[in-house]
Amino acid sequence: MKRLLNLFLLAALPAMAQVTVSEAWVRGTVAQQKATGAFMTLNAAQDSRLVAASSPVAGMVEVHEMSMSNDVMRMRQLDSLALPAGKPVKLMPGGYHLMLMQLQRPLADGDKVPLTLEIEDAKHVRSKVTVEAVVRPLAGGHQH
C-alpha cells in the first residue's frame, strides 16, 4: 500500500506547475490611491501560464501589459501570460505586471504584500504559488 501511495505521489508531481518567484515588489502608494503595480521575475520548470492573481490588500488583481505604439503608452489586461520552461519572465514597470486595484489601504515603503499567483501547466492543471512582495517607495518610475 505504501509503495502504491509513493508511486501515486511521484506520478502527480510532474503535473504540478513548478514556478519560482524572485525579486517580488509592489510600488508604494499615497493616500486615496486605489491602484498600483506588482513586479517580479517568474521562472517555470515546464511550459506554463500565469492565469490569475489575488491579494488580500486589493479587491481585484489583473495581469497587464504596457507597450508603446506610435509614441503612445498603452496598457491592456491579458487573459494569461506565457511562462516558457526555463526562461525567466520579468514583470517590470513599462512591461508585464500585476495591477492591484481597489486597494484596501495605502501601501507604505517596507510593507509586505501577500500575493497568490494561479499557474496553469500544459496539461491544464492549475496550482497556486504564494509570494510576499515588499513595498518600495513611490518615487521614481511610472505610476498608473
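## Ala53 in strand 3

Ala53 sits in strand 3, which spans residues 48–54. Helices (H or I, at least four residues) and strands (E, at least two) are DSSP runs, numbered from the N terminus. The model is predicted: local features need pLDDT of at least 70, side-chain atom pairs count only at pLDDT 80 or more, and totals for chains, interfaces and linings use all residues. Residues are numbered from 1 along each chain as its sequence is written, and side-chain values use heavy atoms, with hydrogens and water left out.

Is Ala53 buried or exposed? Ala53 is buried, because its relative accessible area is 12%. Buried means under 20% relative accessible area, exposed over 50%, and partly exposed in between (1.4 Å probe, protein chains only). Not counting residues up to four places away in sequence, Ala53 touches Val61, Leu98, Thr116 and Leu117. A contact here means heavy atoms within 4.5 Å. Ala53 and Lys128 lie 75 residues apart in sequence, yet their C-alpha atoms are 9.0 Å apart.

## The nonpolar core

The largest nonpolar core holds 30 residues. Such a core is a set of buried Ala, Val, Leu, Ile, Met, Phe, Trp, Tyr and Cys residues joined through side-chain atoms within 4.5 Å. Met40, Leu50, Leu98, Leu100 and Leu117 have the most contacts inside it.

Leu100 has partners beyond four places in sequence, including Lys34, Ala35, Thr36 and Ala38. Leu100 also meets Val57, Ala58, Met60 and Val61, as well as Val113 and Leu115.

## A buried glutamate

Glu62 belongs to strand 4. Glu62 is buried yet has no salt bridge. That term requires a side-chain nitrogen of Lys or Arg within 4 Å of a carboxyl oxygen of Asp or Glu. The nearest side chain of opposite charge, Arg76, is 12 Å away. Lys and Arg count as positive, Asp and Glu as negative; His and the chain ends are not counted.

What does the side chain of Glu62 make a polar contact with? The partner is the side chain of His64, at 2.7 Å. A polar contact is a pair of N or O atoms within 3.5 Å; within protein, one must be able to donate a hydrogen and the other to accept it, and residues adjacent in sequence count only if both atoms are side-chain atoms. Leaving aside neighbours within four places in sequence, Glu62 contacts Gln77, His97, Leu98, Met99 and Met101.

## Positive phi values

Glu23, in strand 1 (residues 19–27), has a positive phi near 55°. Glu23 is exposed, with a relative accessible area of 55%.

Asp71 lies in the loop between strand 4 (58–69) and strand 5 (72–77). Its phi is positive, near 65°. Asp71 is exposed, at 76% relative accessible area.
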